[in-house]
Amino acid sequence: MADRRPILVFLGAAVVTSAFAWLHRKRTRRSFSAPPVRRARVAVVGCGGWTQGWHLPNLANRDDVDIVALVEPSDEPGTGGCMTGRCEPMSALVERYGARRYRSLDALLDDKQDELDGILIAAPHALHCSLGLAVLRAGLHLLLEKPMTSDIKEARALFDASAAAPALAFLLNNTANWQPGCVHARSMVAAGKLGTVRAVSCVFAAPLGWLFEGEEHVGWSKPTGSMLGNGFGWGQLSHTFAWVRGRIEPARRK
């Protein structure tokens, strides 16, 4: 099991960026100097377009993170994802990032569980719950791509598992919260420049119609779990909910 006392440092990203780092401090009773910091050991599960376009480059650009492993069942990832045709094969990713490749999370945990601090999951929505639960039960920090799950019961299962392990960080990656416009809106609310916020009206639009069409994108459009439908509302409306509840509401309450 990983040390359950690490200090987690999560740096909010700018537009469409995401990165996280776990900074472990070694404490001694004999010294009052700043404790030494070592690089966080991170594995990434799911190596499609979002991971290749944002997660891996951002993690690789940090000086406090080591990308220890990449988990991806396909040799040619990205089919049916948001960057179809722009993804590199796993052989190229392994060479570029110097990480060991695994075909399943179970294989990774069997081999390197004690050598990891946390795991970033950017796999298809339907896999979020099973993968996330495995990470938390392994005693590792978890950064999970949004939406949390495609099933309410699964979301509650993840929430309960996280609550049962308070020493572990469980973070959802809502990068839209950190876009300049969102950050500015929050600062305006916090400063009282908008007066008393009684209601919030949001419009979310994006040119992603192609992402929900065709058999190759069935994961974005097929009803899943307790959902009557999938698609844009479930996958993208989570940005709006996270912004209003996570950015505007806390600022309003101050």
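What covers the buried residues of α1? Open the predicted model and find out.

**Stop 1: helix α1.** Select residues 49-60. The buried residues here are Gly49, Thr51, Gln52, His55, Leu56 and Leu59. Their cover includes strands β4 (40-45), β5 (65-71), β7 (118-121), β8 (141-145) and β9 (170-173), along with helix α2 (90-97). Now check the helix length. At 1.5 Å a residue, the 12 residues of α1 should span 16 Å, and the end C-alpha atoms are 16 Å apart, which agrees.

**Stop 2: helix α4.** Select residues 128-137. This helix is mostly covered, with 7 of its 10 residues buried. They are His128, Cys129, Leu131, Gly132, Leu133, Val135 and Leu136. Show β4, β7, β8, α3 (105-112) and α5 (152-163) to see what they pack against. Just after α4, pick Gly139, which takes a positive phi of about 80°.

**Stop 3: salt bridges.** The structure holds 9 of them. Start with Arg41 and Asp117, whose closest N and O atoms are 3.1 Å apart. Arg41 lies in β4 and Asp117 in the loop between α3 and β7, so the pair ties together parts 76 residues apart in sequence. Arg41 is partly exposed at 25% relative accessible area, whereas Asp117 is buried at 2%.

Next, select Asp75 and Arg103, with closest N and O atoms 2.8 Å apart. Asp75 sits in the loop between β5 and α2, Arg103 in the loop between β6 (100-102) and α3, 28 residues apart.

Finish at Glu88 and Arg96, where the closest N and O atoms are 2.3 Å apart. Glu88 is partly exposed at 26% relative accessibility, and Arg96 is partly exposed at 49%.

Note on methods. Residues numbered from 1 in each chain as written. Predicted model: local features only at pLDDT ≥ 70, side-chain atom pairs only at ≥ 80, totals over all residues. Heavy atoms only, no water. Helix = DSSP H or I, 4+ residues; strand = E, 2+ residues; numbered from the N terminus. Expected span 1.5 Å × (residues − 1). Buried < 20%, exposed > 50% of the residue type's maximum accessible area, 1.4 Å probe, protein only. Contact = heavy atoms within 4.5 Å. Salt bridge = Lys/Arg side-chain N within 4 Å of Asp/Glu carboxyl O.
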